[in-house]
Amino acid sequence: MSISRRGVLFGLPLFLAGCASINPAGQRQNYAALPNEQFPMAAMPLEKMKPELRRQEVAYETTYPAGTVVVDTPARRLYFVLGDGRAVRYGVGVGRQGLALKGNAYVGRKAEWPSWTPTPNMIRREPERNLKYAGGMPGGLNNPLGARALYLYRNGNDTMFRLHGTNQPQSIGHAMSSGCIRMLNHDIIDLYERVPVGARVVVIQA
């Protein structure tokens, strides 16, 4: 259920995301080439990513238990709670659909290299770009959903809200015109391995 403004201000626990020392060697490993993927992925050059948007473990005080995913939409950050005051932090990009959900949800299903179908609104808005994909676009490096997708549900119903990869890594840290919560392909693969179906997801909006 959506959380009212009062709930956002008073009902959610206090979060404290601290700084973390950056280990360049470890971060290079985080974004190394993935040749064994269905669609092999090249390494991502660190110099093309702002340090604060790179995946890293950070101090994070919260009342949510380990295993919870917290999407801080205004901050363009996603946290996977580890417990004991720690979390894995990821940079994310936000689109219109990414502003449509707040409060609690859960991962209803997951998909590797998912297919993508533009919504009717996307087709109406940009028919020259999206109409040709009305029947669906197969998974792959050029697919807007990227390498993985986590589909969020409430009460057994698809919210149409996704956490997914992207073929536009430059969009991370920004608000884009369409899409849900997008992550670097290397990062969504990491999150996908950590998060089981049924995991709790909390979305914070402004």
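## Surface and overall composition

The chain exposes about 10500 Å², of which carbon and sulfur atoms supply 53% (Shrake-Rupley method, 1.4 Å probe; for residues, only the protein chains shown count as cover). This is a predicted model, in which local features need pLDDT of at least 70 and side-chain atom pairs count only at pLDDT 80 or more, whereas totals for chains, interfaces and linings use all residues. Residues are numbered from 1 along each chain as its sequence is written, and side-chain values use heavy atoms, with hydrogens and water left out.

Five helices and 11 strands occur in the chain (DSSP runs numbered from the N terminus: helices are H or I with at least four residues, strands E with at least two). Of its 206 residues, 46% count as buried (under 20% relative accessible area; exposed is over 50% and partly exposed in between, with a 1.4 Å probe and protein chains only). Among contacts (heavy atoms within 4.5 Å) between residues at least 6 apart in sequence, 68% join residues at least 24 apart.

Beyond its neighbours within four places in sequence, Val-195 is in contact with Val-69, Phe-80, Val-107, Lys-110 and Leu-150.

## Aromatic pairs and charges over rings

Rings of Phe, Tyr and Trp (its six-membered ring) pair if their centres lie within 6.5 Å; planes under 30 degrees apart count as stacked, over 60 as edge-to-face and the rest as tilted. This rule gives four aromatic pairs. The Phe-39 and Trp-113 pair is edge-to-face because the ring centres are 5.0 Å apart and the planes stand at 65 degrees. Phe-39 belongs to the loop between helix H2 (24-30) and strand S2 (56-61), and Trp-113 to the loop between strand S7 (103-112) and helix H3 (120-125), so the pair ties together parts 74 residues apart in sequence. Phe-39 is partly exposed at 25% relative accessibility, whereas Trp-113 is buried at 6%.

Charged ends also sit over rings (NZ of Lys or CZ of Arg within 6 Å of the ring centre and within 35 degrees of the ring normal). That of Arg-55 lies over the ring of Tyr-31, 5.3 Å from its centre. The charged end of Lys-110 sits over the ring of Tyr-192, 4.1 Å from its centre.
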